[in-house]
Amino acid sequence: MRILIVDDHPIVASGCRAVLADQGEIDILEAADAESGECVFIVERPDICVIDINLPTVSGFELARRILDRAPDARIIMFSMNDDPAFAARAIECGAKGYVSKTGDPNDLVEAIRAVGKGETYLPSAIARSIAFAGPQLAQNPLSKLNAREMEILRLLSAGKSLSEIAWLVQSSYKTVANTSSIMRQKLGVKTSVELVRLAIDSGVA
């Protein structure tokens with residue numbers, strides 16, 4: 001099995017290699033950001049991609065979108081420091097087959113790879129329970145109104161990126177990004193980009 005790990009922290013990548021060392025014949029491929037991760041995927045076509053959500057340029061969600069646009073049957077596990085059920089729910093909505101928290105049991109990653117490798121989906125039991133019982137709260141979260149692309153643009157706005165920079169990063173046109181920003185303001189009931197950024201920060205997107 002060939003596994004691509006996309007994470008900008010060498011210690012995390014090293015830890016993943018150590019955890020998977022006793023799992024039979026596994027070939028580990030590595031990338032440190034979305035751009036190199038996409039390139040490795042195109043060239044190597046790994047069996048499973050383990051993608052950190054918080055990458056240096058665009059997020060793991062954006063990388064997952066690019067990979068799935070190119071290969072709809074790609075098997076992706078999202079990897080994050082955040083065990084918030086909203087992030088796990090967003091990962092599944094984006095097409096990921098699994099979600100693992102870096103703060104959880106290291107064996108969760110092994111189990112996720114086994115499950116996803118067999119064509120199944122995987123969520124650690126604690127996160128699955130959180131999603132099940134957090135349904136009303138997730139629905140009340142204003143960010144639940146946004147789709148994956150809107151969430152990515154919001155994250156980049158809150159990081160201080162201009163619309164032109166965001167258009168380049170998400171491989172879209174300036175007009176499309178500007179229109180999306182306007183739609184987000186309408187959805188979230190805010191009038192200015194400053195209010196939009198403040199909401200993102202308060203909601204933990206930034």
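Colleague: Happy to start with the second largest pocket: which residues lie nearest its centre?

Modeller: A word first: this is a predicted model, in which local features need pLDDT of at least 70, side-chain atom pairs count only at pLDDT 80 or more, and totals for chains, interfaces and linings use all residues. Residues are numbered from 1 along each chain as its sequence is written, and side-chain values use heavy atoms, leaving out hydrogens and water. A pocket here is an open set of points on a 1 Å grid over the protein atoms alone, where a 1.4 Å probe fits and protein lies on both sides within 12 Å along at least five of seven lines; lining residues have an atom within 4 Å of a point. The second largest pocket has 13 lining residues, and those nearest its centre are V19, F79, K102, P106 and L109.

Colleague: Which element gives the most to that lining?

Modeller: Elements are DSSP runs numbered from the N terminus: helices (H or I, at least four residues) and strands (E, at least two). Those giving two or more residues to the lining of the second largest pocket are α1 (10-20) and β5 (98-101). With five residues, the one that gives the most is α1.

Colleague: Are α2 and α3 roughly parallel or roughly perpendicular to each other?

Modeller: The axes, lines fitted to C-alpha atoms over the stretch in contact, with angles from 0 to 180 degrees between N-to-C directions, come within 10 Å for α2 (residues 34-44) and α3 (residues 60-70) and cross at roughly 25 degrees. Angles under 35 degrees count as roughly parallel, over 145 as roughly antiparallel, 65 to 115 as roughly perpendicular and the rest as oblique. So α2 and α3 are roughly parallel.

Colleague: Which residues of α3 make the contact with α2?

Modeller: Contact means heavy atoms within 4.5 Å. From α2 come A34, E35, G37, E38, F41 and I42. Their partners on α3 are L63, R66, I67 and R70.

Colleague: How is α8 placed relative to α11, and what is the term for it?

Modeller: The axes of α8 (residues 148-158) and α11 (residues 193-202) come within 9 Å and cross at roughly 100 degrees. That angle makes α8, relative to α11, roughly perpendicular.

Colleague: And which residues of α11 meet α8?

Modeller: On the α8 side, the contact uses L154, L157 and S158. On the α11 side, the residues are L196, V197 and A200.

Colleague: What angle do α8 and α10 pack at?

Modeller: Helix α10 spans residues 174-188, and its axis is 10 Å from that of α8. The two are roughly perpendicular, packing at about 95 degrees.
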